[in-house]
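The following paragraphs lead through one protein model, from its overall arrangement to particular side chains.

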Amino acid sequence: MKRQNRYGLFMSIPMYIFTLVFVLAPLCYMVLLSFLTRAEVWGVVNEITLENYQNIFTPVYIKTFYESLKLACICMVFIILVGYPFGYFMARLSAPWKKRVSMLLMIPFWTSALIRMYGWIIIFRSNGILDKFLMGLGITKQPLKLLYTYPAVVVGMVYALVPFMIFSVYSSAEKMDWSYVEAARDLGASPIKAFFTVTFPLTIPGLMSGIVLTFVPSMGLFFIADILGGNKVVLVGNLIQEQLMKARNWPFAAALSVTLMLLTSVIIWIYRKVAKVKDLEGFY
């Protein structure tokens, strides 16, 4: 028994080393950097200050956080509307079709996300594929200005993140005991009532997992806002990139990153609380 414990401890050493070197150490450095003072020319000065966090509360930066949260919420609504039904009905497919649909969902990940976003430029640009399609159907009479707009960014975000919601809901729905639904139907419940009283509560853990996997990244995917929104849509990720690459204000960029990390941690904490409550309900 002791030999097995030693072997397990030995095998877990690489995981601990990786966590310390590539996770904990960068996080500690980022937090420390956020309290330092920016040098006049380059780098930082070893002077502790709270000015970096105080600057976050200026109206322009508060607005950036607000816009990022608003965009994340809007995208989340569309991701749920698309991803939840897709994942649910995907779980009802036969085994061969489940594999086929899963493969179709994973194929886009074999291509760089940047290339896929540039594909949307071809679709949204003036006289592009979408314009020609709409004008061919007689829906529009002149090209639409869709590229570099807020809706274009929303579409790009939804396209990039909806597979995570689909697979989360699919994983939860596939493990569900469908005999509960059949029992509800035998007791006289309509299909809609059986769904909302049995199926939906049992798939909430998958829905919440999808929300965490999509809501958190949507606040930092600045390259989608750059490519499809131009400079019209500024997210927290855009602001961090600007402070790092242009302003060279590394402490303020670190403070923004720490604040964003805290916001995402709150979301994950809420998810864990909801998941814990659902587990207790299932236990009782």
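From the N terminus onward, the elements of the protein follow the order α-β-β-α-α-α-α-α-α-α-α-α-α-α. This amounts to 12 helices and two strands. The model is a predicted one. Taken along the principal axes, its C-alpha atoms fill a box of roughly 75 × 75 × 35 Å. The protein has 284 residues, of which 37% count as buried.

The description may begin with helix H1, which spans residues 2-34 and contains Leu 20. Leu 20 belongs to a nonpolar patch on the surface, together with Phe 10, Met 11, Ile 13, Ile 17, Phe 18, Val 21, Phe 22, Val 23, Leu 24 and Leu 27. The accessible area of these residues together is about 1100 Å².

Helix H3, comprising residues 59-91, holds Thr 64. With a relative accessible area of 9%, Thr 64 is buried, because the limit for that class is under 20%. The side chain of Thr 64 reaches the backbone oxygen of Val 60 at a distance of 3.0 Å.

How many aromatic pairs does a search of the whole structure find? The search finds 14. One of the pairs joins Phe 109 and Phe 164 in an edge-to-face arrangement, with 5.7 Å from centre to centre and 75 degrees between the planes. Phe 109 lies in the loop between helix H4 (95-106) and helix H5 (113-124), whereas Phe 164 lies in helix H7 (residues 150-174), so this pair ties together parts that are 55 residues apart in sequence. Phe 109 counts as partly exposed, at 37% relative accessibility, and Phe 164 is partly exposed as well, with a relative accessible area of 34%.

Trp 120 and Tyr 159 form another aromatic pair; their ring centres are 5.4 Å apart and their planes stand at 70 degrees, so the pair is edge-to-face. It links distant parts of the chain, since Trp 120 is in helix H5 and Tyr 159 in helix H7, 39 residues apart. Are the two residues of this pair buried or exposed? Trp 120 is buried, at a relative accessible area of 19%, while Tyr 159 is partly exposed, at 28%.

Aromatic residues also gather in a group: Tyr 84, Tyr 88, Phe 89, Trp 178, Phe 195, Phe 196 and Phe 200 form one aromatic cluster. Over the face of Trp 178, a member of this cluster, lies Arg 92, at 4.2 Å from the ring centre. In another such arrangement, the charged end of Arg 100 sits over the ring of Trp 97, 4.7 Å from its centre.

The final topic is the backbone. Most residues other than glycine have a negative phi. Asn 127, however, has a positive phi near 60 degrees. Asn 127 is located in the loop between H5 and helix H6 (129-136), and at 43% relative accessibility it counts as partly exposed. Tyr 148 likewise has a positive phi, of about 60 degrees, although it is not a glycine. The loop between H6 and H7 contains Tyr 148, which is partly exposed, with a relative accessible area of 37%.

Key
Residues are numbered from 1 along each chain as its sequence is written. This is a predicted model: local features need pLDDT of at least 70, side-chain atom pairs count only at pLDDT 80 or more; totals for chains, interfaces and linings use all residues. Side-chain values use heavy atoms; hydrogens and water are left out. Patches are made of residues with over 30% relative accessible area and no salt bridge: like charges are joined within 9 Å, nonpolar side chains (Val, Leu, Ile, Met, Phe, Trp, Tyr) within 5 Å. Accessible areas come from the Shrake-Rupley method with a 1.4 Å probe; for residues, only the protein chains shown count as cover. A salt bridge is a side-chain nitrogen of Lys or Arg within 4 Å of a carboxyl oxygen of Asp or Glu. Helices (H or I, at least four residues) and strands (E, at least two) are DSSP runs, numbered from the N terminus. Rings of Phe, Tyr and Trp (its six-membered ring) pair if their centres lie within 6.5 Å; planes under 30 degrees apart count as stacked, over 60 as edge-to-face and the rest as tilted. Buried means under 20% relative accessible area, exposed over 50%, partly exposed in between (1.4 Å probe, protein chains only). A charge sits over a ring if NZ of Lys or CZ of Arg is within 6 Å of the ring centre and within 35 degrees of the ring normal. A polar contact is a pair of N or O atoms within 3.5 Å; within protein, one must be able to donate a hydrogen and the other to accept it, and residues adjacent in sequence count only if both atoms are side-chain atoms.
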